[in-house]
Amino acid sequence: MNELIEDLKQTNLFSGIEPQEIDGLLHCLCARYVRYVKGDTIIEEGNKVYDFGIMLSGHGRAIKWDSSDRVIIITLLKKGSEIGVILAASSDHKSPVTVEAQDDVLVLRIPFERVLTWCKKACPRHDQLLRNYISLVAEKGLVLHERIDCLLRPAIREKILTYLWRMSREQQKRTFTIPMNRNAMAEYLNVERSALSRELSYMKRDGVIDCHKNTFRLL
């Protein structure tokens, strides 16, 4: 349990809150740990979401299906990722995406209403938690904007470069590793796998990028 508390201390939601204060907050929030195995659905598209989560182990992804029943990856999730932060705070609560576990996953689930409700004990760090939550919602909005910007690019090369430049900025390196293989990258960019591979070959030939497996360098 102490290890989980330390992991939570590193997340944006509990930023600025000490481990001993986190333990008390979890009781106040009626938080619970939920385990999922590979292939499990954490959130199903169309279902209402009243709590949000923090992934404490494993990997997942938020996906949709297009009119051709092809999977589109909206977000990749890893340890420390938040799940359903905007959905839980929305008035409709209906999820536009499905979130699934890609391997064994542990998620801390927190009812959104408990974030807004002051408990009788008046937890001293509850106000910090609420400020952190608001910052998370704002950050998620920016991430969605970047995702849409990538999808709206008309040409495959533009989609690829938009995504790669974002990864480069996030890692602050010209040489960086992306968290997905070619199939997942094609799904994420909403392009055919063969078209993606062909364009990557052209970009390498044209001296735009260098790449090997998941490692890229912008030239």
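The expected span of a helix is taken as 1.5 Å times one less than its number of residues. In this predicted model, helix α8 covers residues 193–205. With 13 residues, α8 should span 18 Å, and its end C-alpha atoms lie 19 Å apart, so the two values agree. The buried residues of α8 are A195, L196, E199, L200 and M203. Viewed down the helix axis, these buried positions fall within an arc of 135° and therefore line one face of α8. An α-helix has 3.6 residues a turn, so residues three or four places apart point the same way. The partners against which the buried residues of α8 pack are α6, α7, β10 (209–212) and β11. After α8 comes G207, which has a positive phi, near 75°.

Aromatic contacts were examined next. A pair of aromatic rings is described by the distance of the centres and the angle of the planes. The structure contains 4 aromatic pairs. One of them, formed by Y163 and Y188, is tilted, with a distance of 5.1 Å centre to centre and an angle of 55° between the planes. This pair links distant parts of the chain, since Y163 belongs to helix α6 (residues 156–171) and Y188 to helix α7 (residues 182–189), 25 residues apart. Y163 has a relative accessibility of 2% and therefore counts as buried; Y188, at 6%, is likewise buried because the cut-off is 20%.

A further pair joins F176 and F216, whose ring centres are 6.4 Å apart. The planes of F176 and F216 meet at 20°, so this pair is classed as stacked, the limit for stacking being 30 degrees. F176 is located in strand β9 (residues 175–177) and F216 in strand β11 (residues 215–218); the pair therefore ties together parts that are 40 residues apart in sequence. F176 is buried at 2% relative accessibility, and F216 is buried at 1%. Strand β11, which carries F216, is also among the elements packed against by the buried residues of α8.

Elsewhere in the model, T98 is part of strand β7 (residues 98–101). T98 has a relative accessible area of 6% and is therefore buried. A polar atom of the T98 side chain lies 3.1 Å from the backbone nitrogen of E45. Leaving aside residues up to four places away in sequence, T98 touches T41, I43, E44, E45, R61, A62, I63 and W65.

Notes. Residues numbered from 1 in each chain as written. Predicted model: local features only at pLDDT ≥ 70, side-chain atom pairs only at ≥ 80, totals over all residues. Heavy atoms only, no water. Helix = DSSP H or I, 4+ residues; strand = E, 2+ residues; numbered from the N terminus. Buried < 20%, exposed > 50% of the residue type's maximum accessible area, 1.4 Å probe, protein only. Polar contact = N/O pair within 3.5 Å; in protein donor to acceptor, adjacent residues only side chain to side chain. Contact = heavy atoms within 4.5 Å. Phe/Tyr/Trp six-rings, centres within 6.5 Å; stacked < 30°, edge-to-face > 60°. Arc of directions from axis to C-beta.
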